[in-house]
Amino acid sequence: MEPVVDRDQKWLLDCLSATLDTSRDIRSFAEASLQQASSQPGFGAALSKIMVNKEISFGLRQLAAVLLKQFIKQHWQEDEETFVHPVVSPEEKAAIRQLLPPCLDDSHGKIRTAVSMAVASIAQYDWPEDWPELLPFLLKLISGENNINGVHGSLRCLALLSDDLDDTLVPKLVPSLFPYLHTIISSSHLYEKSLRAKALSVVHSCVSVLGTMSGVYKTETITMMMPMLSSLMEQFSIILQDPMQSEDPDDWSLRMEVLKCLLQFVQSISNLSETQFSVILAPLWQTFISSLKVYQLSAIEGKQDSHSGRYDSDGGEKSLDSFIIQLFEFLLTIVGKSRLVKVHTNTSITLLVTSHFLDCFYSCQSGCLKVIGRDVKELIYYTIAFLQITEEQEHSWSLDANQYVADEDDVTYSCRVSGSFLLEELTNAYGGEAIKSIMEACQSHFSESCQAKVAGSADWWRLQEASLFALVSLSEQLIEAEASKLTKDNLRNLLEQMITEDSGAGIHECPFLHARIFSTISKFSSLINRRICEQSLYAAIQAIASDVPAPVKVGACRALSQLLPVYSENVQPYIMGLLSSLTNLLRQASDETLHLVLETLQAAIKAGQEQSMTIEPVISPIILDVWSQHVSDPFISIDAVEVLEVIKNAPGCLQPLVSRILPPIRSVLEKPQSQPVGLVAGSLDLLIMILKSAPLDVVKAIFDACFNLVIQIVLQSDDHAEMQNATECLASFLSGGRQELLVWAGDPALTMKRLLDAASRLLDPDLESSGSLFVGSYILQLILHLPSQMSLHIHELVASVVWRMQSCEISGLKSSLIVILARLVHLSTPDVDRFINLLLAIPAKGYENALGYVMPEWTKIQGEIQGAYQIKVTTTALALLLSTRHVELAKINVQGNLIKSSAGITTRSKAKLAPDRWTTIPLPAKIFALLSDALIEIQEQALDDDDDEDSDWEEASNNGSGVPQDILYSSTVPSNVNPSVEHLDAMAKVFDEGDDDGDYDDDLTKVDPLNEIKLPEFLTSFVLNLYETDQALFNYLSQNLTDVQKSVVRKVIRR
């Protein structure tokens, strides 16, 4: 029977049918017709009529639903990013809103979902103001016990709606909605588990909004929820109390939604009572221990279906893994929630979770609820059992070593990783007692696995591997505990027992166990008997050369990376064989394993230093080949370059390596346009590596071969990576060649011109910011090493830097340009006024002069500048500028302090309408505040150093103001005496101790004499001098300081 439709609907149905035609031309014409019709009045209503007409075929209704969703997205709301003209008329909107809700009970699940999505999309804009009848309709539909399809549709719609709720809608929704949701959750005889789970997901979404709310809305809403909370907790208890069932994903999903709700309650509602929470403890423990049995059979042994990778009709994951991960996440939150934990210092440490090890609540005198349990041992014991390799993991990792390495290194989302996080949190929370429990649990599992092995179980090794995995994941805490004698050598004994016993297992039968043994030794080599470490080292070398499963080779590589630096003397007879094996392995490796093998090669080459001359001609060509094949992969190419750098630094290898690298790099740079993607930038990277700390003759050899080619890339390339690396390369030439560089080409003036041409291109305000990113380092090298030549171009340089600042879009670039200006301030001493006058003479777009632009920008981002050298140069430059008392500085007003809003809840929309507001203060006052901030930063770093490690400083006293005494300046030092050299040197050491971090940019700036400045001494002397020579200015500048800033300044001037 033909469906009853009008003429317009008939045309639309024909178009929809034509989009499914086998003819490409017909399909294209139909799609174009629909696209044109979408801008006509009534199109959305016509689609809605087709979608809700149950007489029309399911396929066409579904297609209409897809188009309607797109129509709403594009035409419903004018201020949306996705809006396409024209907007739907109010009359058509009303018609669509009337048509859709009655079809939420459609017999087709996909149609219900489509209608739900359309309703929820419209509700984002129209509910409740323009669609007040929506919620009553949904509540009526959800309460219909005899209309299960309607309950499905309304719940799906509410679930979508609840994902987009804000703090104004939740208070309106919760009182009406929660009673209906509770009815569904509690009526297991009426509603299937999937429906009850969907109802719980709506509860979770509403409570999630509470967690982001503050103020009166949150208080009122929680007050409304509290009467319902006890009954919800009772239902949670009922759902969790029965043992977990195998192959029942609907049950797993239901329990998972309960856990999500519980987690949100714990995080969002601060006044959960003892009675409300205690009801779920025993059922929660029942779920936890019974889930292990199901997980053992389904996931670990693979004897039952774990529904891995499966999803319900709404896209929710139904796997057992996802439930276990959610369970661990809840436990992890509980352990980390200090208000739910009570640690007894004189008794065993206790924990929340079950009736077995959680027996009672403890209420502090402050009224803060604490939870006390009886023992952590069982929780740890069961958690370690969850860490076993699953049958699916074993299969996947055996076939793909890259996946094994990736999952191990990248902490892939899994039960195994979630369980290890829980163990780590337990260790952090309960210290020695938890560590003792972990070792006891590992010992128990080890004994059980040995018994299973004797009994003939093929899976006996899994528990031993899981126990070692647990120990490895906690290696830092365990080694620290062993060092402080908390474990009384039990850890060493346990490790040696397990390693000795497990090493006898068949390497082909238990490859993952052997891999874990190797990684265990690499983590605990400082504890394990030297003889066992040496045996493992030789076993790892043998494994690399043998025909063993890939996971074993992975573990061997990990062990070698850690053991070779310690036992390099022992392996000299084997080093060439090891390098041969590793290079063979390198040819077979890819992706993740390639990274691992390259890392192991680094350790092996370093260990074979005495044989370095023999190593270079064997290894270098292979590594260069790997580098060239993966030059577009930043991770692998960097690894390859690091291996070449190790070869370069080996005795006698620099010259032959340069001779090998230079000819092919030159040929690449000669024809950059014809090279594969990434090869030019990668070749420049190689040059930078070779130039780093190279002797002068090597720098000259590279200069002769490549300098002009690098200049040409800077001048002509549009590739940002090439320009960045070429800029760094030029900086390296200057750092290594210095003044001598100018005469190498025979014409110093021409070389200088080429260097300035490159600077001009990089400072071009029209160049994209990314291309100029490293210009700061390059300009600094010009200033540091060619000062007399650069002094002739200071005016042009400053103007170019200012104009580049005005057009740059990257904060890091702007910061580096400010460092250049700061360095020029220093260069102008003792006449800093001259630099200020220079800025006054340079125009800046939108400002009276460059000074009016530069200083507000500089002071605004001074706090974002990173690097000890950069902070030192810019901070001291600001002090020099302030010391001039130049009249033009006081005429500039800059951004001061943030004005705190008193408008209540700050939502995203409010933030967009009312952005942050700041006070405005004179420039000199801002500079003085920034200098005070620098003193505070030095003080905080000094205190951190005192807290984190043994310090030469005695503990500072505190005067009650929150700022320790004697950190910046002893109160016993007279004002006319400089602070003690020892005291200031200690502060400078704290401030500068992070300088030597291996960063290449630091290497380039180490020659700058400004490095000799001790910033604490400089700032202290500056503040004292200002205080003693110009009291009026000092008082004026201090008026705009915060209390913390005033306090730190007082410490400096106190007599």
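Helices (H or I, at least four residues) and strands (E, at least two) are DSSP runs, numbered from the N terminus. The model is predicted, so local features need pLDDT of at least 70 and side-chain atom pairs count only at pLDDT 80 or more, while totals for chains, interfaces and linings use all residues. Residues are numbered from 1 along each chain as its sequence is written, and side-chain values use heavy atoms, with hydrogens and water left out.

**The whole chain.** Of its 1055 residues, 53% are buried, a term for under 20% relative accessible area, with exposed meaning over 50% and partly exposed in between (1.4 Å probe, protein chains only).

**Two cis bonds.** Most residues other than glycine have a negative phi, and most peptide bonds are trans. Select His85 and Pro86: the peptide bond joining them is cis, with omega near 5°. Pro86 belongs to the loop between α4 (58–75) and α5 (90–99).

**Two positive phi values.** Select Ser693 in the loop between α31 (679–691) and α32 (696–716). This non-glycine residue has a positive phi, near 60°, and Ser693 is exposed, with 70% relative accessibility. Finish at Arg885, found in the loop between α42 (868–883) and β3 (893–899). Phi of Arg885 is likewise positive, near 55°. Is Arg885 buried or partly exposed? Its relative accessible area of 37% makes Arg885 partly exposed.
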